[in-house]
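Welcome! Take a moment to look at the sequence and turn the model around before reading on.

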Amino acid sequence: MSAAAFDPARAACVDHLVVVAASLDEGSRWCRRTLGVEPAAGGAHPLMGTHNRLLNISGPAHPRAYLEVIAIDPQARPALPPGHRRWFDMDDEALRSRVARHGPQLVHWVASVPDIAAAHAALAARGVDRGGIVTAGRPTPFGLLEWRITVRPDGARLMDGCLPTLIQWGERHPCHSLPDSGVTLVSLALEHPDAAALQSACAAAGVHGLLRAPVARSSVPRLAAAFATPLGTVTCTSQLQENAT
């Protein structure tokens with residue numbers, strides 16, 4: 001199924017994977033080295049003071065998905081309210097230190113849901129504070145991108161990045177204008193010390209069926225994304241660079 005044929009009003013999907021980099025140039029080099037391709041231009045997020053580059057990773061298993069390489073924009077000043085932090089833990093000193101030492105890192109995933117308010121309420125009913133629902137957007141040469149996304153004031157990803165941020169798009173989606181990259185997402189798997197709680201939260205949000213298998217119990221929390229690439233099958237994990245020495 002193509003991105004254009006996918007109906008986001010009826011089904012949840014893996015929307016995008018988040019790779020945090022110290023700079024977009026470093027993130028682009030990571031893409032070339034790891035996946036064998038160059039990411040496309042993205043845009044800026046004035047609210048957060050971040051910017052990105054994007055890679056279309058749509059394929060049969062995940063029909064409307066992309067990889068986001070994101071970095072703090074050194075030329076921008078975030079428009080966040082006082083005391084609020086950037087999304088995806090990008091202001092967290094431990095994460096910034098790991099990225100500075102070891103390079104760009106897969107840290108999180110974002111799930112598109114057909115009714116973000118309902119999914120958000122289902123998590124809240126289980127005691128999971130996924131944050132408020134923020135309306136955001138940015139202009140592109142192909143038209144305005146608009147979306148609603150869950151963001152906590154403290155910017156935390158939750159459950160070590162394994163519990164997804166939720167998003168609901170307007171009429172347009174980045175994949176509608178992103179070229180085929182030659183890279184497709186084959187599968188996404190999660191491991192966590194509290195696998196049952198993570199599995200239950202994913203089920204409450206309606207995104208548990210997007211995973212390769214039920215959440216596995218592990219002493220170390222981890223995302224593992226398998227890609228078909230020009231370099232062959234490549235698996236990226238959220239712990240690979242954290243554990244480098």
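**A buried leucine and its protein**

Leucine 163 has a relative accessibility of 2%, so it counts as buried, because buried means under 20%. Keep in mind that this is a predicted model. Let's start with this one residue and then step back to the whole protein.

**Around leucine 163**

- Leucine 163 sits in a loop, with strand E7 (143-151) on one side and strand E8 (165-169) on the other.
- Setting aside neighbours within four places in sequence, the contacts of leucine 163 are His108, Trp109, Val128, Arg130, Arg157, Leu158, Leu198, Ala201 and Cys202.

**The overall fold**

- Four helices and twelve strands make up the secondary structure of the protein.
- For 245 residues, a compact globule would have a radius of gyration near 18 Å, so the 17 Å of the protein agrees with that.
- Along the principal axes, the C-alpha atoms fill a box of roughly 40 × 40 × 35 Å.
- If you take contacts between residues at least 6 apart in sequence, 69% of them join residues at least 24 apart.

- How much of the protein is made up of buried residues? Of its 245 residues, 52% are buried.
- The accessible surface of the protein is about 10,800 Å², and carbon and sulfur atoms account for 53% of that surface.

Methods. Residues numbered from 1 in each chain as written. Predicted model: local features only at pLDDT ≥ 70, side-chain atom pairs only at ≥ 80, totals over all residues. Heavy atoms only, no water. Helix = DSSP H or I, 4+ residues; strand = E, 2+ residues; numbered from the N terminus. Buried < 20%, exposed > 50% of the residue type's maximum accessible area, 1.4 Å probe, protein only. Contact = heavy atoms within 4.5 Å. Rg over C-alpha atoms; globule rule 2.2 N^0.38 Å. Areas by Shrake-Rupley, 256 points an atom, 1.4 Å probe, with all protein chains shown as cover.
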